[in-house]
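Colleague: I'd like to learn how to read helices and sheets in a model like this one. Could you walk me through it?

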Amino acid sequence: MAEQSNAPKPDAQALLDIFRRMVRIERNDDAIRTAMRRGRITAPYYSGRGQEVIPATISHFLNDDDQICTIYRGIHDMVAKGIPLRPLWAEISGKVDGTCKGKGGPMHLTHPETGVMVTTGIVGSSMPIANGLGWAAKLDGSKRVVVAYFGDGASNIGAFHEALNLASLWKLPVLFVCQNNGFGEHTRYEIATSVDKISTRAVSYNMPGFTVNGNDPDDMYAHVHAAVARARAGEGPTLLECKTFRFLGHLIGDDDFYMDKAEKEAAMAKDPLPRLRARLIAEGHASEADLDKLIADIEAEIADAQEYGANSPTPSRDELRRDVFAEEMPA
Amino acid sequence: MSVMLQMNGIQAINAAMVEAMEADPKVLVLGEDIADPQGGGVTGTMKGLSTRFGEHRVRTTPISEQAIIGAAIGAALGGYKPVAEIMLMNFTTVAMDMIFNHAAKLRFMSGGQSQVPITIRTLTGAGWQTAGQHCDHLEGWFAHAAGIKVIAASSPADMKGLMLSCIQDPDPCLFIETGMTLFSPGEVPADQGPIPLGKAKVAVSGSDITIVTWAAQTIRCMMALQALGEAGISAEIVDLRTISPWDKETVLASAAKTGRVMIAHEAVRDFGPGAEIAATIHEELFGQLKKPVKRLGAPKCAVPFAKVLEDAYLVQPDDIVAAAKALMG
């Protein structure tokens, strides 16, 4: 859906980088679901399966010091950004070596070192906080950009409108990235959202807004390239509505009764991950053996992280008194 | 001996802001009408700051409470120390998700990686006929939450000292102002520095009865002192200053000394902060009390408009005297 035929296109290196990030997301998601089925992890889990292209392409353009604020369905966003897998697994296992010492869990994973600043379980709340990080980036005189990830449902909550208005007024270096997977919890997009395209809402806030094919690396690449460049140049925020599909329902265990079976099957038949793999081979950017090796290395990394999480100790009860305030609470 | 300056609460907080912003370029201010072209905030407490420190550090915002607190949280995560004005305490309810789910919890949920050193200033208090949605005392809501400190000073010197501490505190602080305390003059030492959070002040020493109070209610307790004296009652007034975490040590020491305790606050009495304090006193000092702890607070209704009803809604000096006499009886 990129307007211009001369839009920037990903080269072989970029496509391979996007593919590598997608594989890390998908393999990690698969490992989490397997561990849950086996009863090794007990946690609420909101899979990002099917939505990999969006954060993989965005993260391709981000530097280590760029920041993201994401939501409960956000592990794919963090893995794409580069959160280390060992403390991620320890955290979702509720262990002391987790990113948050086992006190946040999958819905509040945080890792400022890699720019994972906030993960919220509240729909819409990534956006107002991303603005503040953008304000700080601006005050620092830096070129940092901040990505606020959210879903289509969140574009109907007040925080979205307040945040876009302020970001536009203050020309903040923020990308508002809506991962429109067609459902807000169990409710279809058109039942909950008054506009055909969420990107049109950008008009109200005087910022550029685009509806992008979120499963197409080329379309994503062109739009993210422009939005990041605009933010780094101090010209302000962009709203990207990235159309995608949620393969595994709202929450793991959800039986998809509210979905149209044929629609879901059609979407899954267009799984962006095998498509990109086929393209890399067809265009001669990699061999089957290269990609098998890449996947095997990632699987080994995940297996190591999983074991690390399993072997990490559980947190002590004293943790209930710590991190409430900077100073420990009295016993 | 430090030189004493005569000023009101607005001037005292303004002085704290100027000092804090001079000393630390990371201190920011944001809120509705906050910059000088808009008046320096609803009470003019931030007047002069945008002119002196620039509108990049002192920013007027749209009427968007979630966006205000969200921007403050994000800037804090980015290393700044924002002071956000939420014009009136009732408007904090619009930003409750940002305050309660995010500002107060990010440190804990991140296992100590994130800190949110923001100060939220907010105005409230009945007595101005602003009725049901402009003057509630909601400190109990925030005191119930883990991870946010709740401050309500009653004198200009305390306002300056506590504001300096809030700004430098590594955690979120809610700083409650009232019309009555902001406009009451008092003496402030010229070199007034930070006053530690979580420490109460024995505003008046006495031996018969302890009155625990804060914010504008402290002033109403002071107004009862003469009548209490005439009734032969020596009251000790403990100005709590910080509602959460509250100073158990000072309150329990005073309660142990007098054996009779009254808690007076402007918030609704039922489930109010006084209940927590009373329960703690009963748990800690049951055998030493001469009477059960008495709580005075507002009735469980919205703040009314009609002057006669508003006067009846508030805990007045006469109510305090009557309750003290009953405790002595």
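Colleague: How many residues does helix α13 of chain B have, and what does it reach from its first C-alpha to its last?

Modeller: Bear in mind that this is a predicted model, where local features need pLDDT of at least 70, side-chain atom pairs count only at pLDDT 80 or more, and totals for chains, interfaces and linings use all residues. Residues are numbered from 1 along each chain as its sequence is written, while chains are lettered from A and ligands numbered from 1 in the order in which they are written. Helices (H or I, at least four residues) and strands (E, at least two) are DSSP runs, numbered from the N terminus. The expected span of a helix is 1.5 Å times one less than its number of residues. Here α13(B), residues 317–328, has twelve residues and reaches 17 Å, close to the expected 16 Å.

Colleague: Which residues of α13(B) are buried?

Modeller: Buried means 20 or more other C-beta atoms within 10 Å of a residue's own, exposed 12 or fewer, with C-beta atoms placed from the backbone. In α13(B) the buried ones are B:Ile320, B:Val321, B:Ala324 and B:Leu327. They sit on the same side of α13(B), because their arc around the axis is only 125°, taken over the directions from the helix axis to the C-beta atoms. Exposed B:Asp318 and B:Ala326 are on the face turned away from that buried side.

Colleague: And in chain A, what is the strand order of the open sheet of six strands?

Modeller: Strands pair if DSSP finds at least two bridges between them. The order is β2-β1-β3-β4-β8-β7 (chain A), with parallel pairing. β2(A) and β7(A) stand at the edges with a single partner strand each, so one side of each lacks a neighbour in the sheet.
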